[in-house]
Amino acid sequence: MVTLNRIYTRAGDAGKTRLATGAPVSKASLRVEAYGAVDETNATLGLARQHTAEDGLLDAILARVQNDLFDLGADLATPDAGKAGDLRIVATQVERLESEIDQLNAELAPLTSFVLPGGSPAAAALHQSRTVCRRTERVAVALAAEEPVGEEALKYLNRLSDLLFVAARWVNRKGEGDVLWKPGATR
């Protein structure tokens, strides 16, 4: 359990922070950028949920994803991969995303073009979460090129962006409200 009695510590005033291991690191490090981007993804999901609260199925999925994202942040904040007891994203979390993608996607008509972000407020918010998640994934991949990052953590981010795309279509009246790209239409 985490207890936060004191919010400011002044410890970060010099541009340093500590990883979950206690090791000091620059706030400009790629690892801090990666778990900060996970936090940003989570915040966008909090906003998206303001538009999905009445949909019990989707809101429950997004609530669980928000919790998973804290697990993912802890995973990325703990660089010693494989140490017993460390909180890591596991294969079952990725598999659950895949199952939820399949569940939502089964109700959608096949796409005939790329989808423009929008349609409904909920879809627009989910598309924004998707793009932030894609950026988060790019930062995590860049980190993985330099330091150890769990394979399941990278898979989770990739599947999450797919889930958010499908969820955006699903809230757009199961795809009927999608705004489709019309190549060259504004020439």
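Right, let's start. What you see is a predicted model. Keep that in mind throughout.

Overall layout. The protein has five helices and four strands. What order do they come in along the sequence? The pattern reads β-β-α-α-α-β-α-α-β. In extent, the C-alpha trace spans about 50 × 40 × 35 Å along its principal axes. The protein has 187 residues, and 41% of them are buried.

Now the helix packing. I'll take two pairs.

Pair one is α1 with α2. Helix α1 covers residues 30-52. Helix α2 covers residues 56-76. The axes of α1 and α2 come within 9 Å and cross at roughly 170°. Angles over 145 degrees count as roughly antiparallel, so α1 and α2 are roughly antiparallel to each other.

Pair two is α2 with α3. Helix α3 runs over residues 91-105. Here the axes come within 12 Å, and the crossing angle is roughly 155°. That makes α2 roughly antiparallel to α3. The crossing of α2 and α3 is left-handed.

Next, a single residue in this region. Asn42 sits in helix α1. Is Asn42 buried or exposed? Its relative accessible area is 6%. The cut-off for buried is under 20%, so Asn42 counts as buried. One distance to go with that. Asn42 and Gln93 are 51 residues apart along the chain, and their C-alpha atoms are separated by 16 Å.

Now to the surface. Which residues form the nonpolar patch there? They are Phe114, Leu116, Val179 and Trp181. Together these four have about 390 Å² of accessible area.

Leu116 lies in strand β3, which spans residues 115-116. Its relative accessibility is 37%.

To recap. Helix α1 is roughly antiparallel to α2, and α2 is roughly antiparallel to α3. Asn42 in α1 is buried. On the surface, Leu116 belongs to a nonpolar patch with Phe114, Val179 and Trp181.

That's it from me. Over to you.

Conventions
Residues numbered from 1 in each chain as written. Predicted model: local features only at pLDDT ≥ 70, side-chain atom pairs only at ≥ 80, totals over all residues. Heavy atoms only, no water. Patch = residues over 30% accessible without salt bridge, like charges linked within 9 Å, V, L, I, M, F, W, Y side chains within 5 Å. Areas by Shrake-Rupley, 256 points an atom, 1.4 Å probe, with all protein chains shown as cover. Salt bridge = Lys/Arg side-chain N within 4 Å of Asp/Glu carboxyl O. Buried < 20%, exposed > 50% of the residue type's maximum accessible area, 1.4 Å probe, protein only. Axes fitted to C-alpha atoms, helices over the stretch in contact; angles between N-to-C directions. Parallel < 35°, antiparallel > 145°, perpendicular 65-115°, else oblique. Left-handed = near helix turned anticlockwise from the far one by under 90°.
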